Amino acid sequence: MKKIYLSVLALYIGILSLHAQTPIPAKDTTNYKARKLKIDEINYVTAYYHQNGNNSAVTGGIGTEKLSDFANTFDVQLSSLRPNNHKNTLLFELGVDHYTSASSDKIDPNSVSSASKSDTRVYPSINFTRSNENTGNSYGFTGSYSHEYDYQSIGAGFNLTRVSPNKNRQFDLKLLAFLDKWKVILPVELRSSQYGSGSSDDRRPVDYKPRNSFSASFSLSQVINTRLQALLIVEPSYQHGLLATKYQRVYFNSNFTEGVGPDLNIYNERPENLPDNRYKLPIAVRLNYFLDDHYIIRTFYRFYMDDWGIRAHTAEIEIPVKLTSFVSISPFYRYNTQKGTRYFAPYGQHSIDETYYTSDYDLSDLQSNFFGAEFRIAPPKGVFGYQHLNSLELRFGHYIRSTGLNSNILTLHLKFK
Amino acid sequence: MKRFIIWFFCLFTISVCYTSCSTVKPYQKSRLNDTEMELSARKSQKFEQSFQLYREGGSGANGGKSGGGCGCN
């Protein structure tokens, strides 16, 4: 009997000891804290843009350039922490633009509403980046898509970041490729009788042409001292395919021997024609200086050149003024001067001997001034007391171009965290 | 001559940056980490850069769009 009691007691103590044993966690020597996918931030940017001018390329360099665009993007950034302090970041972005254009309506002025009078562009993208939280180094991949009535684009990219051990210098590389397809819409009077308008109710065929863009961006940022940091960017790019906008008209100073159009009786007008290749080389510098607790100076300069003969200098300055720790107003000014492409001439001034021709004033000699201000509020308890609304930015800019084009843009940016 | 000026400007900027650089410790970066000091365009500039890209011949190296999608209007 004693043996039974002793056995039961031993068993009971054994069971108790099993329950009483709390596992001793293994000592974490890596500081690794696994974290599931969580939302870092959400951004919503919306803008209304309106322009007016009288040099529309659709009508050969004359006529209204009135255009309105309502643009929106919404992005969500998610991240998770992995072993060895690696962080995976996913960025989803969706953009939707809707524009109405008076000049595009002149592609076919006889129709009630031509194909490109208004259009909506939808462009989703996704980026995955893996970064090392200790070193700051990272790499990632991007995929993008864009769709509008007469244009589709598929894009892919790779990004790489290398940070110096003292974290005062950073090198970034971005490689991007866009494979685009464009429906070739011609001005109504230049279409042959067999060529379609491009609208869905017109069964006649239209051409589709590719336009591919490849770019590499090399940037080097450097902390210079406790108040000053700088960034140098070189971004060469190459475009190939249909680079002319075929529904933009060009009028000549004399007649071609052969007529075009449904009745072959148009002699002094052709669709825009530009080379199939374009090499671009922009080089830019940013310099930001923390003047004192109230003023910061943000500057930007860019030199641009391409093999169409365009040379441009762009300079920007923005001075954020901190009214309080959470409220700032940032007036800004941007100046751009441009030597236009050798293929440009105004309405009726192109010679029929020229191979390439355009009357698009965007590519002409011009100077532009852009100025305005941004209001920013980012209180610690959230904007309007809403904890997750981290910041609100409201920005207005007025643009004046020496060719007579004027525009206004109003942008609202909401950041949620 | 113009090319010379451009290259001189680039080299000058780089050399000024590098020769005047001092090692800044992480705890000394409170000013540099200010949101307004970010060395990139603001998100609220995104659509400004888009319309400037279409209304001017120059593009790129400013964090804006460098391809994909037409926006030909």
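A residue counts as buried here if 20 or more other C-beta atoms lie within 10 Å of its own. Keep that cut-off in mind for this tour of a predicted model.

**Stop 1: B:Ala61**

Select B:Ala61, in the segment that follows H2 of chain B. With 30 other C-beta atoms within 10 Å, B:Ala61 is buried, because the cut-off is 20 or more. Now look at the backbone: B:Ala61 is not a glycine, yet its phi is positive, near 60°. Most residues other than glycine have a negative phi.

**Stop 2**

Colour chain B by secondary structure. Chain B has 2 helices and 0 strands. Of its 73 residues, 42% count as buried.

Next, show the residues that link the two chains: 40 residues of chain B are in contact with 78 residues of chain A. Two helices of chain B, H1 (2-19) and H2 (46-55), each supply at least two residues of the side that touches chain A. The largest share of that side, 6 residues, comes from H2(B). By residue type, the side of chain B that touches chain A divides into 16 nonpolar, 16 polar and 8 charged residues.

**Stop 3: helix H2 of chain B**

Select residues 46-55 of chain B, which form helix H2. Why is H2(B) described as largely enclosed by the rest of the structure? The reason is that 7 of the 10 residues of H2(B) are buried. Show their side chains: B:Lys46, B:Phe47, B:Glu48, B:Ser50, B:Phe51, B:Gln52 and B:Arg55. Then bring up their surroundings in chain A. The buried residues of H2(B) pack against strands E1 (35-52), E2 (67-82), E19 (389-401) and E20 (406-416) of chain A.

**Stop 4: A:Asn85**

Stay in chain A and go to the loop between E2 and strand E3 (86-101), where A:Asn85 lies. A:Asn85 is another residue to check for phi: the angle is positive, about 60°, although A:Asn85 is not a glycine. As for its surroundings, A:Asn85 has 15 C-beta neighbours inside 10 Å and therefore counts as partly exposed.

**Stop 5**

Select residues 151-163 and 169-183 of chain A, strands E6 and E7, which pair in the antiparallel sense over 13 bridges.

**Stop 6: the strands around E13 of chain A**

Centre the view on E13(A). Strand E9(A) pairs with E13(A) in the antiparallel sense over 7 bridges, and A:Leu231 stands opposite A:Arg286 in E13(A). Strand E10 (residues 237-241) of chain A also pairs with E13(A) in the antiparallel sense, over 4 bridges; the bridge partner of A:His240 in E13(A) is A:Asn277.

Now turn to E14(A). It runs antiparallel to E13(A), and 11 bridges join the two. A hairpin of 5 residues connects E13(A) to E14(A). A:Arg286 stands opposite A:Phe300 in E14(A).

**Stop 7: the largest nonpolar core**

Which residues have the most contacts inside the largest nonpolar core? Select A:Ala284, A:Ile310 and A:Tyr343; the core has 28 residues. The elements that give two or more residues to this core are strands E9 (228-234), E13 (277-290) and E14 (296-306) of chain A. E9(A) provides the largest share, 4 residues.

Zoom in on A:Tyr343. Leaving out residues up to four places away in sequence, A:Tyr343 touches A:Leu274, A:Trp308, A:Tyr356, A:Tyr357 and A:Thr358.

**Stop 8: A:Tyr267**

Finish in the loop between strands E11 (249-251) and E12 (269-271) of chain A, where A:Tyr267 lies. Is A:Tyr267 buried or partly exposed? It counts as partly exposed, with 16 C-beta neighbours inside 10 Å.

To end, draw a distance between the C-alpha atoms of A:Tyr267 and A:Asn255: they are separated by 5.0 Å, with the two residues 12 apart along the chain. Not counting residues up to four places away in sequence, A:Tyr267 touches A:Asn255, A:Phe256 and A:Gly259.

Definitions and conventions
Residues numbered from 1 in each chain as written. Chains lettered and ligands numbered in written order. Predicted model: local features only at pLDDT ≥ 70, side-chain atom pairs only at ≥ 80, totals over all residues. Buried ≥ 20, exposed ≤ 12 C-beta atoms within 10 Å, placed from the backbone. Contact = placed C-beta atoms within 7 Å. Nonpolar A, V, L, I, M, F, W, Y, C, P; charged D, E, K, R; others polar. Pairing = 2+ DSSP bridges. Core = buried A, V, L, I, M, F, W, Y, C linked by C-beta atoms within 7 Å.
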